[in-house]
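Reader: Please show me the model, and then let us go through a few of its computed features.

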Amino acid sequence: MAQTHHTKVLILGSGPAGCTAAIYAARASLKPILVHGLQPGGQLTITTDVENYPGFADVIQGPWLMEQMEAQAKHVGTEIIHDIIVELDLSKRPFVAKGDSGDLYIGDTLIIATGAQARWLGLPSEQEFQGFGVSACATCDGFFFRGKKVVVVGGGNTAVEEALYLTNHAAEVTVVHRRDSFRAEKILQDRLFANPKIKVVWDHAIDEILGEHDPKGVNAVRLKHVKTGATQTLATDGVFIAIGHTPNTALFQGQLPLDAEGYLLTRPGTAQTSIPGVFAAGDVQDKIYRQAVTAAGSGCMAALDAEKFIAGIGHHAAAAD
């Protein structure tokens, strides 16, 4: 039987942003409800080694880190519910969300932390080697390829920026692009072409990612010429997919302003969206940094903003009585 849940702070998403928002809201005695969403724990649950999250001297595992964040959120008083929000009404407050379970979630405030998903090529071998040589985040994983050869796939700003970043670690970076020119900004292209560590393979796509299974790891890619169909094998230790990210904002289209790439817009310096009482945190509104620690920081901001907003409501209500 469907249930109705009411909370002062309703949080959608259970990655670093959602969990941090929950921790701060719960410690402010706001008794938040966090709805897990489609990918409990967010992108960190498909990340193996994490070496850049503050507070851990040794390498930790992404899924473990998210288990700890969720456990902390529960410990301080967050109610966590496994459900997927399929409908949302932001036309009036309190805000009403409907879950796939049929349950209704009513929030005096709403924190959106639904994240974003890296775009993948869709190859079975790509999925097989994720976390074992295949990555969608050079900043996260470039350190593990010190002195090695890596391939970057893509032709936009993301690909060029990732390639340039990887030259800080890798001995050789090969950018594979299915066209004969980049879409990236001219200044970024100039930097790339001037870097002796980077070479470009034009008019090619990744046909297959090759590797070993004991120990598991990438050792080559098979490239296919998009015009002739001819294939070649290129030795590499890692593959970075840099064809962009898709923010999980379909639920909010027509209700909240999005930028041209579909990311939620927030007021600079805050987590506030265009609707009072609705806040956004993490990768759903951040297309620049996309790190677990920045997502957690913006989750903190969202919770503090929500706390102030609720205090304001209470003040005005009391003044009206």
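Reader: Is Cys 140 buried, partly exposed or exposed, and at what relative accessibility?

Author: This is a predicted model, in which local features need pLDDT of at least 70, side-chain atom pairs count only at pLDDT 80 or more, and totals for chains, interfaces and linings use all residues. Residues are numbered from 1 along each chain as its sequence is written, and side-chain values use heavy atoms, with hydrogens and water left out. Buried means under 20% relative accessible area, exposed over 50%, and partly exposed in between (1.4 Å probe, protein chains only). Cys 140 therefore counts as partly exposed, at 23%.

Reader: Which residue does a disulfide join to Cys 140?

Author: A disulfide is a pair of cysteine sulfur atoms within 2.5 Å. The structure holds one, and its link is right-handed, with 70° about the S-S bond. At an S to S distance of 2.2 Å, the partner of Cys 140 is Cys 137.

Reader: What is the volume of the second largest pocket?

Author: A pocket is an open set of points on a 1 Å grid over the protein atoms alone, where a 1.4 Å probe fits, with protein on both sides within 12 Å along at least five of seven lines. Grid points are joined across faces, edges and corners, and a volume is the space filled by probe spheres set on the points. For the second largest pocket this gives about 320 Å³.

Reader: Which helix gives the most to the lining of the second largest pocket?

Author: Lining residues have an atom within 4 Å of a point. Of the 19 here, those closest to the centre include Thr 266 and Asp 286. Helices (H or I, at least four residues) are DSSP runs numbered from the N terminus, as are strands (E, at least two). With five residues, the helix that gives the most is H7 (residues 292-320).

Reader: In S16, which residue is the bridge partner of Lys 224?

Author: Two strands pair if DSSP finds at least two bridges between them. Strand S15 (residues 216-225) and S16 pair in the antiparallel sense over five bridges, within an open sheet of order S14-S15-S16. In S16, the partner of Lys 224 is Thr 231.
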